[in-house]
Amino acid sequence: MDKFAKSLIKEAAGRIRSSFSSELVVESKSAANDLVTNIDKETEQFFIKQIKKEFPDQRILGEEGFGDEISHLNGYIWILDPIDGTMNFIHQKKNFAISLGIYKDGVGLLGYIYNVMDDDLISATLGEGAFFNDIRIPLLTDGLLGQAIIGINTSWVLPNKYLEHEGIVKLLQKVRGTRSYGSAAIEIGYVVTGRLDAYMSMRLSPWDIAGGMVIANEVGAIVTTLSNHPINLLVQNTFIVARPVVHSEILDEYVRVK
Ligand code: 2AM
Ligand code: CA
Ligand code: CA
Ligand code: CA
(Lines give C-alpha, C1' and ligand atoms only; values in the text may rest on other atoms or scores of the structure.)
(Ligands and ions follow the chains in the order given, each with its own letter.)
Protein backbone atom coordinates (compact mmCIF):
# COMPACT_ATOMS: atom_id res chain seq x y z
CA MET A 1 0.00 0.00 0.00
CA ASP A 2 2.89 2.36 0.85
CA LYS A 3 4.62 1.71 -2.48
CA PHE A 4 1.37 2.18 -4.39
CA ALA A 5 0.59 5.45 -2.58
CA LYS A 6 4.08 6.81 -3.25
CA SER A 7 3.93 5.96 -6.95
CA LEU A 8 0.50 7.61 -7.26
CA ILE A 9 1.77 10.76 -5.57
CA LYS A 10 4.82 10.96 -7.87
CA GLU A 11 2.71 10.41 -10.96
CA ALA A 12 0.11 12.98 -9.90
CA ALA A 13 2.87 15.49 -9.16
CA GLY A 14 4.34 14.98 -12.63
CA ARG A 15 0.93 15.78 -14.10
CA ILE A 16 0.65 18.92 -11.98
CA ARG A 17 4.10 20.13 -13.09
CA SER A 18 3.23 19.45 -16.74
CA SER A 19 0.04 21.50 -16.35
CA PHE A 20 2.10 24.71 -16.22
CA SER A 21 2.32 24.58 -20.00
CA SER A 22 -1.49 24.81 -20.42
CA GLU A 23 -3.94 27.48 -19.30
CA LEU A 24 -5.37 27.24 -15.77
CA VAL A 25 -9.09 27.56 -15.08
CA VAL A 26 -9.48 29.32 -11.71
CA GLU A 27 -12.77 29.52 -9.77
CA SER A 28 -13.76 30.77 -6.30
CA LYS A 29 -15.52 28.51 -3.80
CA SER A 30 -16.79 29.71 -0.38
CA ALA A 31 -15.09 33.13 -0.62
CA ALA A 32 -13.30 35.28 -3.20
CA ASN A 33 -9.90 34.05 -1.94
CA ASP A 34 -10.96 30.40 -1.57
CA LEU A 35 -9.73 29.16 -4.94
CA VAL A 36 -9.88 25.96 -6.94
CA THR A 37 -8.51 25.11 -10.38
CA ASN A 38 -9.15 22.47 -13.00
CA ILE A 39 -5.85 20.89 -11.88
CA ASP A 40 -7.02 20.48 -8.26
CA LYS A 41 -10.08 18.67 -9.62
CA GLU A 42 -8.24 16.59 -12.21
CA THR A 43 -5.61 15.54 -9.68
CA GLU A 44 -8.24 14.40 -7.19
CA GLN A 45 -10.06 12.48 -9.92
CA PHE A 46 -6.79 10.82 -10.97
CA PHE A 47 -6.16 9.59 -7.40
CA ILE A 48 -9.72 8.34 -6.96
CA LYS A 49 -9.73 6.41 -10.21
CA GLN A 50 -6.43 4.68 -9.41
CA ILE A 51 -7.28 3.96 -5.74
CA LYS A 52 -10.71 2.54 -6.60
CA LYS A 53 -9.13 0.32 -9.25
CA GLU A 54 -6.60 -1.09 -6.77
CA PHE A 55 -8.77 -1.07 -3.61
CA PRO A 56 -12.44 -1.06 -4.70
CA ASP A 57 -13.78 -1.43 -1.12
CA GLN A 58 -11.83 1.46 0.40
CA ARG A 59 -13.29 4.92 0.80
CA ILE A 60 -11.78 8.26 -0.17
CA LEU A 61 -12.32 11.70 1.37
CA GLY A 62 -11.05 14.41 -0.98
CA GLU A 63 -11.29 18.18 -0.69
CA GLU A 64 -12.89 18.68 -4.09
CA GLY A 65 -15.72 16.25 -3.36
CA PHE A 66 -15.18 13.56 -6.01
CA GLY A 67 -14.72 10.87 -3.37
CA ASP A 68 -17.15 9.36 -0.89
CA GLU A 69 -19.47 11.01 1.62
CA ILE A 70 -17.76 10.22 4.90
CA SER A 71 -19.82 10.16 8.10
CA HIS A 72 -17.78 7.59 10.06
CA LEU A 73 -14.17 6.40 10.14
CA ASN A 74 -14.72 2.63 10.03
CA GLY A 75 -12.59 0.64 7.60
CA TYR A 76 -9.90 2.06 5.32
CA ILE A 77 -10.16 5.74 4.33
CA TRP A 78 -7.79 7.68 2.09
CA ILE A 79 -7.89 11.35 3.09
CA LEU A 80 -6.55 13.46 0.24
CA ASP A 81 -5.80 17.07 -0.54
CA PRO A 82 -4.77 17.00 -4.22
CA ILE A 83 -3.21 20.46 -4.01
CA ASP A 84 -2.67 22.05 -0.61
CA GLY A 85 -1.75 25.68 -1.19
CA THR A 86 -3.84 26.32 -4.28
CA MET A 87 -3.24 30.07 -4.07
CA ASN A 88 0.51 29.42 -4.15
CA PHE A 89 0.03 27.02 -7.06
CA ILE A 90 -1.78 29.73 -9.02
CA HIS A 91 0.26 32.80 -8.07
CA GLN A 92 3.70 31.54 -7.13
CA LYS A 93 4.14 28.21 -8.89
CA LYS A 94 5.79 26.85 -5.72
CA ASN A 95 5.08 26.01 -2.06
CA PHE A 96 2.17 23.67 -2.66
CA ALA A 97 1.84 20.01 -1.73
CA ILE A 98 -0.07 16.80 -2.17
CA SER A 99 -1.28 15.68 1.25
CA LEU A 100 -2.47 12.12 1.86
CA GLY A 101 -3.29 10.10 4.97
CA ILE A 102 -4.45 6.48 4.98
CA TYR A 103 -6.48 5.55 8.05
CA LYS A 104 -8.01 2.29 9.26
CA ASP A 105 -10.83 2.51 11.81
CA GLY A 106 -9.72 6.04 12.65
CA VAL A 107 -6.06 5.12 13.19
CA GLY A 108 -3.48 6.74 10.89
CA LEU A 109 -1.43 4.03 9.16
CA LEU A 110 0.39 5.97 6.45
CA GLY A 111 1.03 9.68 5.93
CA TYR A 112 2.50 11.70 3.07
CA ILE A 113 3.31 15.33 2.37
CA TYR A 114 4.83 15.84 -1.06
CA ASN A 115 6.25 19.27 -1.90
CA VAL A 116 5.57 19.18 -5.62
CA MET A 117 8.11 21.75 -6.90
CA ASP A 118 10.91 20.85 -4.47
CA ASP A 119 10.37 17.12 -5.21
CA ASP A 120 10.57 16.39 -1.45
CA LEU A 121 8.46 13.61 0.02
CA ILE A 122 7.89 13.33 3.75
CA SER A 123 6.34 9.98 4.61
CA ALA A 124 5.57 7.91 7.68
CA THR A 125 4.27 4.48 8.56
CA LEU A 126 2.61 3.88 11.94
CA GLY A 127 5.23 2.53 14.35
CA GLU A 128 8.06 2.64 11.82
CA GLY A 129 9.11 6.28 11.91
CA ALA A 130 9.12 9.09 9.38
CA PHE A 131 11.33 9.84 6.39
CA PHE A 132 12.36 12.91 4.42
CA ASN A 133 12.86 11.35 1.00
CA ASP A 134 14.92 8.30 2.08
CA ILE A 135 16.46 9.81 5.19
CA ARG A 136 14.99 8.93 8.57
CA ILE A 137 13.69 12.00 10.43
CA PRO A 138 15.00 12.11 14.02
CA LEU A 139 12.62 12.49 16.98
CA LEU A 140 11.98 16.14 17.76
CA THR A 141 13.87 17.55 20.70
CA ASP A 142 12.34 20.08 23.06
CA GLY A 143 12.74 23.77 22.34
CA LEU A 144 12.12 27.04 24.11
CA LEU A 145 9.25 29.24 22.99
CA GLY A 146 11.55 32.28 23.24
CA GLN A 147 13.75 30.71 20.55
CA ALA A 148 10.91 29.40 18.41
CA ILE A 149 9.85 30.25 14.88
CA ILE A 150 6.12 29.67 14.53
CA GLY A 151 4.02 29.31 11.38
CA ILE A 152 0.94 31.55 11.47
CA ASN A 153 -1.03 33.62 8.98
CA THR A 154 -2.60 37.05 9.15
CA SER A 155 -5.98 35.77 10.36
CA TRP A 156 -4.38 35.54 13.83
CA VAL A 157 -4.05 39.29 14.19
CA LEU A 158 -7.27 40.25 12.41
CA PRO A 159 -10.51 40.33 14.40
CA ASN A 160 -11.81 36.77 14.58
CA LYS A 161 -14.30 34.63 16.43
CA TYR A 162 -11.81 32.05 17.69
CA LEU A 163 -9.18 33.73 19.84
CA GLU A 164 -8.61 36.44 22.44
CA HIS A 165 -6.44 39.11 20.85
CA GLU A 166 -4.32 39.97 23.90
CA GLY A 167 -2.74 36.50 24.15
CA ILE A 168 -1.84 36.50 20.47
CA VAL A 169 0.00 39.80 20.76
CA LYS A 170 1.94 38.49 23.77
CA LEU A 171 2.81 35.34 21.84
CA LEU A 172 4.11 37.37 18.89
CA GLN A 173 6.28 39.39 21.29
CA LYS A 174 7.64 36.22 22.91
CA VAL A 175 8.74 34.14 19.91
CA ARG A 176 11.90 34.60 17.89
CA GLY A 177 10.00 34.95 14.62
CA THR A 178 6.98 34.03 12.52
CA ARG A 179 6.60 32.61 9.03
CA SER A 180 3.65 32.14 6.70
CA TYR A 181 4.00 29.74 3.78
CA GLY A 182 0.38 29.45 2.63
CA SER A 183 0.17 25.65 2.71
CA ALA A 184 -0.86 23.86 5.88
CA ALA A 185 0.72 20.62 4.69
CA ILE A 186 4.06 22.28 3.95
CA GLU A 187 4.02 24.04 7.32
CA ILE A 188 3.28 20.77 9.13
CA GLY A 189 6.15 19.29 7.09
CA TYR A 190 8.41 22.07 8.36
CA VAL A 191 7.47 21.33 11.98
CA VAL A 192 8.13 17.60 11.73
CA THR A 193 11.54 18.28 10.18
CA GLY A 194 12.43 20.94 12.77
CA ARG A 195 12.43 23.96 10.45
CA LEU A 196 9.48 25.45 12.34
CA ASP A 197 8.83 24.89 16.06
CA ALA A 198 5.05 25.20 15.79
CA TYR A 199 2.34 25.75 13.21
CA MET A 200 -1.16 26.83 14.11
CA SER A 201 -4.31 27.55 12.20
CA MET A 202 -7.83 28.51 13.20
CA ARG A 203 -9.66 26.36 10.72
CA LEU A 204 -8.38 23.31 8.91
CA SER A 205 -10.18 20.43 7.24
CA PRO A 206 -9.37 16.72 7.53
CA TRP A 207 -7.53 16.66 4.17
CA ASP A 208 -5.21 19.50 5.22
CA ILE A 209 -3.87 17.53 8.19
CA ALA A 210 -4.56 13.78 7.85
CA GLY A 211 -1.20 12.96 6.26
CA GLY A 212 0.71 15.33 8.51
CA MET A 213 -0.83 13.88 11.68
CA VAL A 214 0.57 10.40 10.94
CA ILE A 215 4.02 11.90 10.35
CA ALA A 216 3.80 14.13 13.45
CA ASN A 217 3.06 11.12 15.66
CA GLU A 218 6.14 9.30 14.42
CA VAL A 219 8.53 12.15 15.27
CA GLY A 220 7.01 13.10 18.64
CA ALA A 221 5.32 16.33 17.52
CA ILE A 222 2.12 17.10 19.42
CA VAL A 223 -1.09 17.68 17.45
CA THR A 224 -4.30 19.00 19.04
CA THR A 225 -7.01 21.58 18.57
CA LEU A 226 -6.32 25.01 20.06
CA SER A 227 -8.47 23.93 23.02
CA ASN A 228 -6.02 21.04 23.55
CA HIS A 229 -8.45 18.34 22.42
CA PRO A 230 -7.77 15.49 19.99
CA ILE A 231 -8.52 16.21 16.32
CA ASN A 232 -11.79 14.86 14.92
CA LEU A 233 -11.21 13.89 11.28
CA LEU A 234 -14.91 14.20 10.41
CA VAL A 235 -15.11 17.98 10.91
CA GLN A 236 -13.13 21.22 10.58
CA ASN A 237 -10.89 21.93 13.57
CA THR A 238 -8.67 24.58 15.03
CA PHE A 239 -5.18 23.14 14.85
CA ILE A 240 -1.70 23.24 16.35
CA VAL A 241 1.32 21.01 15.74
CA ALA A 242 4.49 21.71 17.72
CA ARG A 243 7.44 20.41 19.65
CA PRO A 244 6.12 19.11 23.01
CA VAL A 245 7.17 21.93 25.34
CA VAL A 246 6.41 24.63 22.79
CA HIS A 247 2.93 23.14 22.34
CA SER A 248 2.06 23.22 26.03
CA GLU A 249 3.57 26.66 26.59
CA ILE A 250 1.60 28.19 23.70
CA LEU A 251 -1.69 26.66 24.81
CA ASP A 252 -1.21 27.18 28.56
CA GLU A 253 0.11 30.74 28.48
CA TYR A 254 -0.99 32.48 25.29
CA VAL A 255 -3.78 31.04 23.18
CA ARG A 256 -7.22 31.37 24.70
CA VAL A 257 -10.10 30.16 22.58
CA LYS A 258 -13.17 32.41 22.86
P1 2AM B 1 -5.97 24.76 0.20
O2 2AM B 1 -4.93 25.49 -0.55
O3 2AM B 1 -6.00 23.29 -0.08
O4 2AM B 1 -7.34 25.35 0.08
C5 2AM B 1 -3.81 28.57 3.43
O6 2AM B 1 -3.54 29.38 4.52
C7 2AM B 1 -3.91 27.15 3.92
O8 2AM B 1 -5.18 26.96 4.55
C9 2AM B 1 -3.86 26.13 2.80
O10 2AM B 1 -3.32 24.96 3.31
C11 2AM B 1 -5.33 25.99 2.44
O12 2AM B 1 -5.61 24.79 1.77
C13 2AM B 1 -5.94 25.98 3.82
N14 2AM B 1 -7.36 26.31 3.88
C15 2AM B 1 -8.26 25.63 4.62
N16 2AM B 1 -9.48 26.15 4.48
C17 2AM B 1 -9.38 27.19 3.62
C18 2AM B 1 -10.33 28.14 3.06
N19 2AM B 1 -11.62 28.13 3.36
N20 2AM B 1 -9.86 29.07 2.21
C21 2AM B 1 -8.54 29.09 1.89
N22 2AM B 1 -7.63 28.24 2.39
C23 2AM B 1 -8.03 27.29 3.25
CA1 CA C 1 -9.05 24.65 -1.16
CA1 CA D 1 -5.77 22.25 1.93
CA1 CA E 1 -6.60 21.79 -1.65
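L109 counts as partly exposed because 17 C-beta neighbours lie inside 10 Å; a residue is buried with 20 or more other C-beta atoms within 10 Å of its own, exposed with 12 or fewer, and partly exposed in between, with C-beta atoms placed from the backbone. The model is predicted: local features need pLDDT of at least 70 and side-chain atom pairs count only at pLDDT 80 or more, while totals for chains, interfaces and linings use all residues. Residues are numbered from 1 along each chain as its sequence is written, and chains are lettered from A and ligands numbered from 1 in the order in which they are written.

L109 belongs to strand 6 (residues 107-115); helices (H or I, at least four residues) and strands (E, at least two) are DSSP runs, numbered from the N terminus. Apart from neighbours within four places in sequence, L109 is in contact with I102, Y103, K104 and L126, contact being C-beta atoms, placed from the backbone, within 7 Å. Between L109 and L121, 12 residues apart in sequence, the C-alpha to C-alpha separation is 17 Å.

Five strands form an open sheet in the order 11-10-12-14-13, with mixed pairing; two strands pair if DSSP finds at least two bridges between them. Strand 11 (177-179) and strand 13 (222-224) are the edge strands, each pairing on one side only. Strand 10 (residues 149-151) pairs with strand 11 in the parallel sense over three bridges, and I150 stands opposite T178 in strand 11.

Helix 6 (residues 206-219) packs on the sheet and touches strand 12, strand 13 and strand 14, its direction making about 30 degrees with that of strand 14. Axes are lines fitted to C-alpha atoms, for helices over the stretch in contact, and angles run from 0 to 180 degrees between N-to-C directions.

Key. Two residues are in contact if their C-beta atoms, placed from the backbone, lie within 7 Å.
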